[in-house]
Amino acid sequence: MIYSIRGMTKIFGGRTVLDVDSLDIPKGKITALLGPNGAGKTTLLSILAFLSRPASGSLAYDSREVRFTESHMHPLRREVVLMNQHPIMFSQTVCKNMEFGLKLRKVGKEERRKIIRENLKLVGLDHFEQARAHKLSGGETQRIAIARALALSPRVILCDEPLASVDSQNQAIIVSLLRQINKERGITVIFTSHDAVWARNLAHETVYLDGGRPVDSVLENILSGNAARTEAGEVWFASGDGTRLPLPEGIEGQVRVSLDPSALKINHSSAPGQGDGLKGRVHQISREKNGIRIVVDAGALISVIMPEKEYKAMAPGIGDKVQVAIPPNAVKILNG
Ligand SMILES: Nc1ncnc2c1ncn2[C@@H]1O[C@H](COP(=O)(O)OP(=O)(O)OP(=O)(O)O)[C@@H](O)[C@H]1O
């Protein structure tokens, strides 16, 4: 394990925002920290980066107990790099931005230039060496931030929402870069995300946080909308984006529902006898530990997990028209 956390809390203004009983993060792997806004992901990253101290509990880094004193944390900060969601670049060239950390580490000029070129090449931006760093796009800035982090030869890279302000072309490049640096350089990568689909695709391990605590799994396919009774006496839910589904009796007004991806079923939209399922097109297909995840664009993006056997029998392709059937046991009402 690269990190082992026991009984750790972090308190802001009297409020416990992190409360982790036990959590181990493996060495040399890619781990995703998932969870809704305010779940404590960034707070945990900054403790793992030795930039913040917990209120209580223990942290072992590479099997050594961390003492949260400046003199003990300072050398550890040289092994771990935190990439912020919005990386800060100085208003100088890319090269100068990358050189700063190397100068602090007393790396000689020739060696600095060599390291900078090598890492800019890795992220595919070697022609940006003399570009003004604060003029770059969101995606380019993230890639330069990766190169800048790699230049310091870290053992661990912690990335806070690395894809949040990045266009889809740069997203794909960043995903494959993170995979490459983990595989080729053996660097442990830990990243936070709101987007469960690509995160699961990239990560070897996934940790879900909710209200500062690790939980078994996060709720998925959360839809907000209004539940109303029809003339026929049935209750129907309608979300802002036009998704409609039947709900059990007795629910009315504003409501949030979650649809369990493993309980949903997918059918070809032309199959006979299909009732009130959600109609849409297959948007994305990915393999997961417990089956094949099919993301259907039905107004909202709805994830369905199909057992491998069912997936092979049906063989849906990207863009296919499908219908998502919603058995009553798939629907969880989150609030009234
Ligand atoms: N410096 C701070 N002072 C006071 N409260 C804070 C501070 N930093 C974070 N918090 C609170 O701690 C909780 C966890 O925040 P954190 O940023 O770790 O969550 P997150 O999971 O990263 O959320 P997001 O996905 O929105 O970035 C939130 O309620 C937040 O308001």
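Predicted model: local features only at pLDDT ≥ 70, side-chain atom pairs only at ≥ 80, totals over all residues.
Trainee: Where does Ser 239 sit, and what does Ser 239 touch?

Mentor: Ser 239 belongs to strand 12, residues 235–239. Leaving out residues up to four places away in sequence, Ser 239 touches Ser 224 and Gly 225.

Trainee: OK, stepping back. How many helices and strands are there in the protein?

Mentor: Eight helices and 20 strands.

Trainee: And what does the C-alpha trace span?

Mentor: About 80 × 45 × 35 Å along the principal axes.

Trainee: How is the protein divided into domains?

Mentor: Domain 1 covers 3–215 and domain 2 covers 222–334. Their C-alpha centres are 35 Å apart.

Trainee: What share of the residues is buried?

Mentor: 48% of the 336 residues. As for the surface, the protein exposes about 16,600 Å², with carbon and sulfur atoms supplying 49% of that area.

Trainee: What about contacts between residues 24 or more positions apart?

Mentor: Take the contacts with a separation of 6 or more: residues 24 or more positions apart account for 65% of them.

Trainee: Charges next. How many positive and negative side chains are there?

Mentor: There are 44 positive and 35 negative. The centres of the two sets lie 8 Å apart.

Trainee: Let's go to helix 1. How many of its residues are buried?

Mentor: Seven of the eight, in a helix that runs over residues 41–48. Helix 1 is therefore largely enclosed by the rest of the structure.

Trainee: Which ones are they?

Mentor: The buried residues of helix 1 are Lys 41, Thr 43, Leu 44, Leu 45, Ser 46, Ile 47 and Leu 48.

Trainee: What follows helix 1?

Mentor: Phe 50 does, and its phi is positive, near 60°. For context, most residues other than glycine have a negative phi.

Trainee: Which other residues have a positive phi without being a glycine?

Mentor: Glu 161 and Ala 315 are among them. Glu 161 has a phi of about 50°, and Ala 315 has one of about 45°.

Trainee: Where is Glu 161?

Mentor: In the loop that links strand 7 (156–159) with helix 6 (168–185). Glu 161 counts as buried because its relative accessibility is 10%, against a cut-off of under 20%.

Trainee: And Ala 315, where is that?

Mentor: Also in a loop, between helix 8 (308–314) and strand 19 (321–325). Ala 315 has a relative accessible area of 49%, so it is classed as partly exposed. Exposed would need over 50%.

Trainee: Back to helix 6. Is Val 175 buried or exposed?

Mentor: Val 175, which is in helix 6, is buried at a relative accessible area of 15%.

Trainee: What is Val 175 in contact with?

Mentor: Setting aside neighbours within four places in sequence, Val 175 contacts Leu 163, Trp 198 and Leu 202.

Trainee: How far is Val 175 from Ala 203?

Mentor: In space, 10.0 Å from C-alpha to C-alpha. In sequence, Val 175 and Ala 203 are 28 residues apart.

Notes: Residues numbered from 1 in each chain as written. Heavy atoms only, no water. Helix = DSSP H or I, 4+ residues; strand = E, 2+ residues; numbered from the N terminus. Buried < 20%, exposed > 50% of the residue type's maximum accessible area, 1.4 Å probe, protein only. Contact = heavy atoms within 4.5 Å. Areas by Shrake-Rupley, 256 points an atom, 1.4 Å probe, with all protein chains shown as cover. Lys, Arg positive; Asp, Glu negative; His and termini not counted. Charge placed at Lys NZ, Arg CZ, Asp CG, Glu CD. Domains from an automatic or database assignment.
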